[in-house]
Amino acid sequence: FDIVGPSFLEYDKIHNTNTIVTACIYSDPKLLNKLIDVGGDIHSTNSDGASALQLAASGDNVKVLKYLFALGLRPDHIDTHTHDESECVKGNTPLISATQHQAANAVVCLLDSGYECLLDHKNCADQTAFDYITLACCSWQDWPGWFIKKMKEYFTSNEQIKRLDKY
C-alpha cells in the first residue's frame, strides 16, 4: 500500500475513509502536497463531515492550517454530521473543534488568520468557541496563561472579559 500513490484513493473508496483529510491531523504540508498531486481532494470531508481545517485545528497542527489557508481554504466550514452520538460535534467549525480539543496554538492561528471564524456560531450543543474556552477553564483542564491573555484581545465584551478574568 503506497500512502502517497494512487492506491490511497482506492483504499479510501473501499474503507470509506479520507486519507488526505485525516492526514491533516498528524502530517505536514509536504505529505499533503504529495496526496494532492495524486488526486486527493483537500476540499472534501471525512465520513464524519469534518473538513481538513477542522482536523488540523483539533490536532493543533498550525503548519497544516497555514498550508490549507495558502491553498484557499477558509475556516468557515460547518460540520454537518456527528460520528459519535455521545459527543455532539454537529455544527462545529474549525475554531470550535480547536477549542474542544484545547488546541491553543490552532485557536490563535485561526483567530490571527484574518478570515471569518464564525465566533458567534453555536454547534448542536448550543456552544460557541468561547463557551468551550471557558468550560475548559472551569474543569480540570487549564489553558496556558499566555493563551488567556491572548483571548482577551479577541473577546472584548464586558461579559466575556469577566468570564476570562476568573482564570
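In the predicted model, the side chain of Gln54 reaches the backbone oxygen of Asn92 at a distance of 2.7 Å. Gln54 is a residue of helix H4, and its relative accessibility of 2% places it among the buried residues. When neighbours within four places in sequence are left aside, the contacts of Gln54 comprise Gly49, His77, Asp79, Asn92, Thr93, Pro94 and Ser97.

Helix H5 spans residues 62–70, and its buried residues are Val64, Leu65, Tyr67, Leu68 and Phe69. Gly72 follows H5 and has a positive phi, near 100°.

Aromatic pairing was examined next. The count comes to three aromatic pairs. In one of them, Phe130 and Phe155, the ring centres are 4.8 Å apart and the planes meet at 50°, so the pair is classed as tilted. Phe130 belongs to helix H8 (residues 129–138), whereas Phe155 lies in the loop between helix H9 (145–154) and helix H10 (158–165); the pair therefore ties together parts that are 25 residues apart in sequence. Both partners are buried: Phe130 has a relative accessible area of 3%, and Phe155 has a relative accessibility of 4%.

Charged side chains were considered in turn. Side chains of opposite charge can pair when their charged atoms come close. In this model, three salt bridges are counted. Asp112 and Lys150 form one of them, with an N to O distance of 3.9 Å. This pair links distant parts of the chain, Asp112 being in helix H7 and Lys150 in helix H9, 38 residues apart. Asp112 is partly exposed at 48% relative accessibility, and Lys150 is likewise partly exposed, at 21%.

Lys150 also meets Glu153 in a salt bridge, at 3.5 Å from N to O. Both residues lie in helix H9, three residues apart, or about one turn of the helix. Glu153 counts as exposed, with 53% relative accessibility. Through shared partners, salt bridges join Asp112, Lys150 and Glu153 into one network. A further salt bridge is formed by the side chains of Asp126 and Lys122 (3.7 Å, N to O); Asp126 is partly exposed at 48%, as is Lys122 at 43%.

Terms used
Residues are numbered from 1 along each chain as its sequence is written. This is a predicted model: local features need pLDDT of at least 70, side-chain atom pairs count only at pLDDT 80 or more; totals for chains, interfaces and linings use all residues. Side-chain values use heavy atoms; hydrogens and water are left out. Rings of Phe, Tyr and Trp (its six-membered ring) pair if their centres lie within 6.5 Å; planes under 30 degrees apart count as stacked, over 60 as edge-to-face and the rest as tilted. Helices (H or I, at least four residues) and strands (E, at least two) are DSSP runs, numbered from the N terminus. Buried means under 20% relative accessible area, exposed over 50%, partly exposed in between (1.4 Å probe, protein chains only). A polar contact is a pair of N or O atoms within 3.5 Å; within protein, one must be able to donate a hydrogen and the other to accept it, and residues adjacent in sequence count only if both atoms are side-chain atoms. Contact means heavy atoms within 4.5 Å. A salt bridge is a side-chain nitrogen of Lys or Arg within 4 Å of a carboxyl oxygen of Asp or Glu.
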